[in-house]
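Have a look at the fold before reading on.

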Amino acid sequence: MEVGSGTRALVTGASSGIGRALAHTLAARGARVGLAARSAPELERLAAELPGLAGGHHALPCDVSERSQVEAAVERFVAATGGIDLVVANAGIAHYGPFRELSPERIEQMTAVNWLGTVWTVRAALEPMVAAGRGHVVIVSSGAGQRAFPDAAVYGATKAAQRAFGEALRHELAGTGVSLTVAFPGEIATALHDHEKARMPAWYRGDARAASPDALADAILAAVAADRRTVAFPRLVGLLGVANGISPRFADAILRRLRGPSAAPRRD
Ligand SMILES: NC(=O)c1ccc[n+]([C@@H]2O[C@H](COP(=O)([O-])OP(=O)(O)OC[C@H]3O[C@@H](n4cnc5c(N)ncnc54)[C@H](OP(=O)(O)O)[C@@H]3O)[C@@H](O)[C@H]2O)c1
């Protein structure tokens with residue numbers, strides 16, 4: 001699906017980082033954008049600042065972990081625009097650290113936002129798309145969904161759940177006119193880890209070496225236009241997934257070389 005003038009696109013996690021970059025890119029291409037996240041004032045500001053017709057973009061404050069809130073947000077968007085062509089399930093949070101030090105509350109929160117939030121978003125948006133016989137779903141997973149890293153076991157699991165969900169659902173949607181792409185970003189320069197900068201694992205690089213969210217947004221929309229089942233950005237992330245599929249030990253060796261011993265400490 002080519003995004004252009006009149007495309008109706010709903011993005012979760014639109015107030016910051018990757019979602020915000022996607023909102024800007026979509027609006028610059030003429031789309032009407034539904035902006036979902038928890039921070040209502042930030043979404044209102046963004047709706048007003050995006051290029052396009054005044055009133056063309058919609059702030060849809062909601063917590064994606066609350067199914068009824070997501071359903072209401074999708075309903076509001078469809079009522080305002082008459083339908084939905086593209087949905088991007090992007091909202092997510094990260095809490096890194098050794099699994100045994102991770103509180104049950106943080107485990108539940110990551111599961112509820114990253115995994116269930118994706119399911120509620122896609123579930124709500126699919127009905128109007130399938131009824132219209134057209135549309136595209138994007139799920140923003142992570143390189144960690146292809147190959148999980150130590151100190152990010154639960155985060156990686158939520159991202160792998162998104163990957164498995166998207167893999168199956170793309171096939172289920174065959175013949176409906178609706179398609180699906182799973183995105184696997186590597187390290188992107190956003191606020192995702194701002195609250196935990198002091199305790200990031202040694203293998204994490206981030207910061208100056210992280211990729212731009214705007215370049216990722218372009219790569220995602222190119223994948224949607226080409227109806228690709230996945231998009232890895234930077235491309236090396238996709239190669240790591242391939243290496244891990246062939247041999248996790250081989251992927252360990254690559255990771256140790258690229259990120260040092262903390263990325264794959266066991267050698268058995
Ligand atoms: N940055 C990276 O290196 C990287 C790499 C791979 C994958 N990803 C994935 O990319 C996605 C976006 O992350 P980001 O890097 O752009 O981080 P970010 O800058 O922290 O943005 C996260 C967005 O999610 C929203 N959000 C968080 N909890 C929410 C909730 N319960 N309900 C609704 N919205 C919620 C936030 O808005 P509010 O706080 O206002 O709700 C914010 O808009 C995530 O799924 C993340 O796992 C990021």
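## Aromatic pairs

How many aromatic pairs are there? The count comes to 5, where rings of Phe, Tyr and Trp (its six-membered ring) pair if their centres lie within 6.5 Å, and planes under 30 degrees apart are stacked, over 60 edge-to-face, the rest tilted. Phe149 and Trp203 make a tilted pair, because their planes sit at 40°, with centres 4.6 Å apart. This pair bridges distant bits of chain: Phe149 is in the loop between strand 5 (135-140) and helix 5 (153-172), Trp203 in the loop between strand 6 (178-185) and helix 6 (213-225), 54 residues apart.

Trp203 also pairs edge-to-face with Tyr204, at 6.5 Å and 70°. Trp203 is buried at 5% relative accessibility (buried is under 20% relative accessible area, exposed over 50%, partly exposed in between; 1.4 Å probe, protein chains only). Tyr96, Phe149, Tyr155, Trp203 and Tyr204 form one aromatic cluster.

## Strand 2 and its neighbours

Strand 2 (residues 32-37) has 5 of its 6 residues buried; helices (H or I, at least four residues) and strands (E, at least two) are DSSP runs, numbered from the N terminus. Strand 2 runs parallel to strand 1 (residues 8-12) over 5 bridges, and to strand 3 (residues 58-61) over 4; pairing takes at least two DSSP bridges.

## About the model

This is a predicted model: local features need pLDDT of at least 70, side-chain atom pairs pLDDT 80 or more, while totals for chains, interfaces and linings use all residues. Residues are numbered from 1 along each chain as its sequence is written, and side-chain values use heavy atoms, leaving out hydrogens and water.
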